[in-house]
Amino acid sequence: MENKIKVSIVSISYNQENYIKQALDSFVSQKANFNFEVIIADDCSTDNTANIIKDFSKKYPDVIKPILRNKNVGIAENLMSAMRAAKGEYIALCEGDDFWTDTNKLQVQTDFLDKKKDYALCFHPVKVFFEKKEEKEYIFPDKSEFSKFDLENLVKRNFIQTNSVMYRNVYKYDTLDILPLDWYLHLYHAKLGKIGFIDKVMSSYRRHPDGVWWNS
């Protein structure tokens, strides 16, 4: 029982050699009183991303559990199959071009969900920054724009940044061809319990031209 995984960090990557090390460093730097794993699924990158992941898995073999694909499966299948591989009671998401800035992030969110059994997920604000400083950085979500962080408001607008969320691991995670997939996952879990908001910035979201949502 002492080796039981409490939290699974699930991350996906594709051609992110310039960013993936920062993401993985932020994962393995987490300070927690429980065991956690990192499921990192690379979708057949053509750059050096997979090699960087391999190096981390050699350095942290008990933590980093890579899925290195030999052909592209797409964002949805890459993410959902990685989530199916998660053994933790909780799942924390962070894509390979983003990173966490607080080494206590997993502990804070896990403590929250451990204490509040009627909550299905929790999240926190993030710092959004532009890689080439095209625009000023800002904090998302802006609390002044929402009366309440609940399912009703989440249906209207996705206020949960992917690299801030932690779910209870309660879903089969069948592959869905839905974009934005993270918004669907937030909504699905929010149907099962309350949404917890922890008012502390603990991660950074990187905007850059190679990002999936750059033009959105």
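Residues 24 or more positions apart account for 78% of the contacts in the protein with a separation of 6 or more, a contact being heavy atoms within 4.5 Å. The model is a predicted one, in which local features need pLDDT of at least 70 and side-chain atom pairs count only at pLDDT 80 or more, while totals for chains, interfaces and linings use all residues. Residues are numbered from 1 along each chain as its sequence is written, and side-chain values use heavy atoms, with hydrogens and water left out.

The secondary structure comes to 6 helices and 11 strands, taken as DSSP runs numbered from the N terminus (helices H or I, at least four residues; strands E, at least two). Of the 216 residues, 51% count as buried, that is, under 20% relative accessible area with a 1.4 Å probe and protein chains only. Along its principal axes the C-alpha trace spans about 50 × 45 × 30 Å.

The axes of two helices, lines fitted to C-alpha atoms over the stretch in contact, with angles from 0 to 180 degrees between N-to-C directions, come within 10 Å and cross at roughly 25 degrees. H1 and H2 are therefore roughly parallel to each other, the class for angles under 35 degrees.

| Helix | Residues in the helix | Residues meeting the other helix |
|---|---|---|
| H1 | residues 20–28 | Ile20, Lys21, Leu24, Asp25, Val28 |
| H2 | residues 49–59 | Thr49, Ile52, Ile53, Phe56 |

By class, this contact of H1 with H2 has 6 nonpolar, 1 polar and 2 charged residues, where Ala, Val, Leu, Ile, Met, Phe, Trp, Tyr, Cys and Pro count as nonpolar, Asp, Glu, Lys and Arg as charged, and the others, Gly among them, as polar.

How values were computed: Angles under 35 degrees count as roughly parallel, over 145 as roughly antiparallel, 65 to 115 as roughly perpendicular and the rest as oblique. Buried means under 20% relative accessible area, exposed over 50%, partly exposed in between (1.4 Å probe, protein chains only).
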